[in-house]
Amino acid sequence: MSLRVAAGAPFVSRGRERLGEHEFVVALSLDRDWMSPDQAKRLIDVATSEGLLAREDGDLVATFDVEDVEVPDDFTPDESLFRERSAFETALGALDAAGEDRQEAVAAVNALQQDLGVTADVAAVLYARREGVDVEDAAAKAAEGL
């Protein structure tokens with residue numbers, strides 16, 4: 001998941017689990033030259049809303065194991081990182097990160113959606129929970145849409 005890679009890269013390059021927000025922005029905008037400082041701040045907002053980053057005592061903390069993040073040499077974040085994702089996209093991203101096959105997950109979500117007569121957001125959350133994947137943030141988004 002490219003959001004996880006982009007959000008994890010500053011922690012990986014600094015070899016730390018906590019970073020000040022300014023240091024995080026500098027790592028993405030100046031050190032890696034991936035984005036502008038404003039885009040880096042937007043990425044913080046999106047990654048926080050997705051549950052990938054948390055704010056603690058004025059610092060940013062990754063809520064995932066940054067040692068598992070591999071930043072490919074040719075990696076460049078794409079514009080889609082700066083928009084908030086739907087509950088469906090968030091749940092699929094969590095399933096992806098948990099090692100689930102994306103195509104099988106989408107098929108199962110579609111089947112649940114038809115069988116239960118619910119939205120794709122709700123079906124994705126239900127499927128992820130059935131698979132034992134934590135999708136608390138996606139569940140909250142899906143509930144807002146009901």
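The exercises below work through the fold of one protein chain, each with a solution in steps.

The model is predicted, so that local features need pLDDT of at least 70 and side-chain atom pairs count only at pLDDT 80 or more, while totals for chains, interfaces and linings use all residues. Residues are numbered from 1 along each chain as its sequence is written, and side-chain values use heavy atoms, with hydrogens and water left out.

**Exercise 1. Describe the secondary structure and the overall dimensions of the protein chain**.

Step 1. The protein chain holds seven helices and three strands, where helices (H or I, at least four residues) and strands (E, at least two) are DSSP runs numbered from the N terminus. Along the sequence these elements follow the pattern α-β-α-α-β-β-α-α-α-α.

Step 2. The C-alpha trace spans about 50 × 30 × 25 Å along its principal axes. A compact globule of 146 residues would have a radius of gyration near 15 Å, and the 16 Å of the protein chain agrees with that; the radius is taken over C-alpha atoms, and the globule rule is 2.2 Å times the number of residues to the power 0.38.

Step 3. Of the 146 residues, 40% count as buried, a word that means under 20% relative accessible area, with exposed meaning over 50% and partly exposed lying in between (1.4 Å probe, protein chains only).

**Exercise 2. Work out the strand order and the pairing in the sheet**.

Step 1. The three strands form an open sheet in the order 1-3-2, with antiparallel pairing; two strands pair if DSSP finds at least two bridges between them. Strand 1 (18–20) and strand 2 (53–56) are the edge strands, each pairing on one side only, and the twist from one strand to the next averages 35 degrees.

Step 2. Strand 3 (residues 59–62) pairs with strand 2 over four bridges in the antiparallel sense, and Ala62 of strand 3 is the bridge partner of Leu53. Strand 2 and strand 3 form a hairpin with two residues between them, and Asp57 in this turn has a positive phi of about 50 degrees.

Step 3. Strand 1 and strand 3 are joined by three bridges, again in the antiparallel sense, with Leu60 in strand 3 as the bridge partner of Leu19.

**Exercise 3. Which residues of helix 2 are buried, and what covers them**?

Step 1. The buried residues of helix 2 are Phe24, Val25, Val26, Ala27, Leu28 and Ser29.

Step 2. Their cover includes helix 1, strand 1, helix 3, strand 2 and strand 3.

How values were computed:
Axes fitted to C-alpha atoms, helices over the stretch in contact; angles between N-to-C directions. Contact = heavy atoms within 4.5 Å.
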